[in-house]
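Here are a few exercises to work through with the model open beside you. Try each task before reading its solution.

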Amino acid sequence: MRRQKPVDGSSVARSGPPGMDAIMAAAEPPVITFSLATDVGRVRSNNEDFGQAERVLRGNQSYSLWAVADGVGGGPQGERASRVAVETVVDYIVHEEWHDPATALTQAFALANRNVYEITGDGAAASTMVAALVSEPETMVTIANVGDSRAYIVVGERVQPITDDHSVVAALVAAGEMTAVEARTAPGRNVLTRSIGSEMEVPIDVFGPRQLALDERLILCTDGVHGMIDDETLGRVAGSHEIPDCAAALVAAAVEAGGRDNATALVGGYAAATAAGGQSGGARSTRRRRLVLGAVAVIAVILLVTVAVAAQSH
């Protein structure tokens, strides 16, 4: 499938008066960044999870596209299902014409469902999938999911689930017939009520758009992560690591907790959104403003001295 190389915003040239580069660097808004990690776990011999991140340019609008999937069916078929699901969504978002992120994700998921259904043999294998499309620099996030791969928003160590699982136990919890705690160890907790590729058509849940705040992390993960560590642990791990290390830390925690399944996590957010023990986005914004004001003051003093010296020379 066709791919679009990520756009590297760092390659944009800047020019201006002496000292302006420092001011622009200090005032530059934080950028969206991510980390992605996967592990086969301690039980499985192959990895049926698949994740991908792409930077997408549509005219003057940039987007980050993040997707994670968990193949169902075992062996090579499960691996193929998750890869086809994600790559279909990426190919659609990168190359097809669309204007509304929610509609685009819905259509991309529908196409992925048909592709997986046909390629793996009329529903012989399937996949879960969760994907997020983030507009830049507005950072409006739209999320779609099918199955039990999840999306979370984490602020500090507080965890807010965004998606709903499409599984038998999730339906029982929603109906009040089982608690969320009981669901974590219930028999048949991995039995899905929806998946990509098991039927010719599948309902797709879409959430958003919503603003991604400076101090928020968006986490996409398979059940090999959220099934091994609870939300409290997920929040604690996510809140204590910078974004570049966060996905690997979540996967390592899931493997350390037993690693009964493949584990994959993708963590995205502002580069300025630091761990709970570090500098907050608000603190960094304040620091940037102080740097700008300081740089402006220094330049103003230099200009005044220059003018004064020139006047005396005449």
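Rings of Phe, Tyr and Trp (its six-membered ring) pair if their centres lie within 6.5 Å; planes under 30 degrees apart count as stacked, over 60 as edge-to-face and the rest as tilted. One caution: this is a predicted model, so local features need pLDDT of at least 70 and side-chain atom pairs count only at pLDDT 80 or more, while totals for chains, interfaces and linings use all residues. Residues are numbered from 1 along each chain as its sequence is written, and side-chain values use heavy atoms, with hydrogens and water left out.

**Exercise 1**

Find how many aromatic pairs the whole structure holds, and work out what kind of pair F34 and W66 form.

Step 1. Searching the whole structure turns up two aromatic pairs.

Step 2. F34 and W66 make a tilted one, at 6.5 Å centre to centre with 45° between the planes.

Step 3. Strands (E, at least two residues) and helices (H or I, at least four) are DSSP runs, numbered from the N terminus.

Step 4. Check burial, where buried means under 20% relative accessible area, exposed over 50% and partly exposed in between (1.4 Å probe, protein chains only). W66 is buried at 1%, whereas F34 is partly exposed at 37%.

**Exercise 2**

Work out the strand order of the sheet that holds β1, and say which strands stand at its edges.

Step 1. Two strands pair if DSSP finds at least two bridges between them.

Step 2. The order reads β1-β10-β9-β6-β7, an open, antiparallel sheet of five strands.

Step 3. β1 and β7 (158-161) are the edges, each with a single partner strand, so one side of each has no neighbour in the sheet.

Step 4. Zoom in on β9 and β10: five bridges join them, and I219 has V267 of β10 as its bridge partner.

**Exercise 3**
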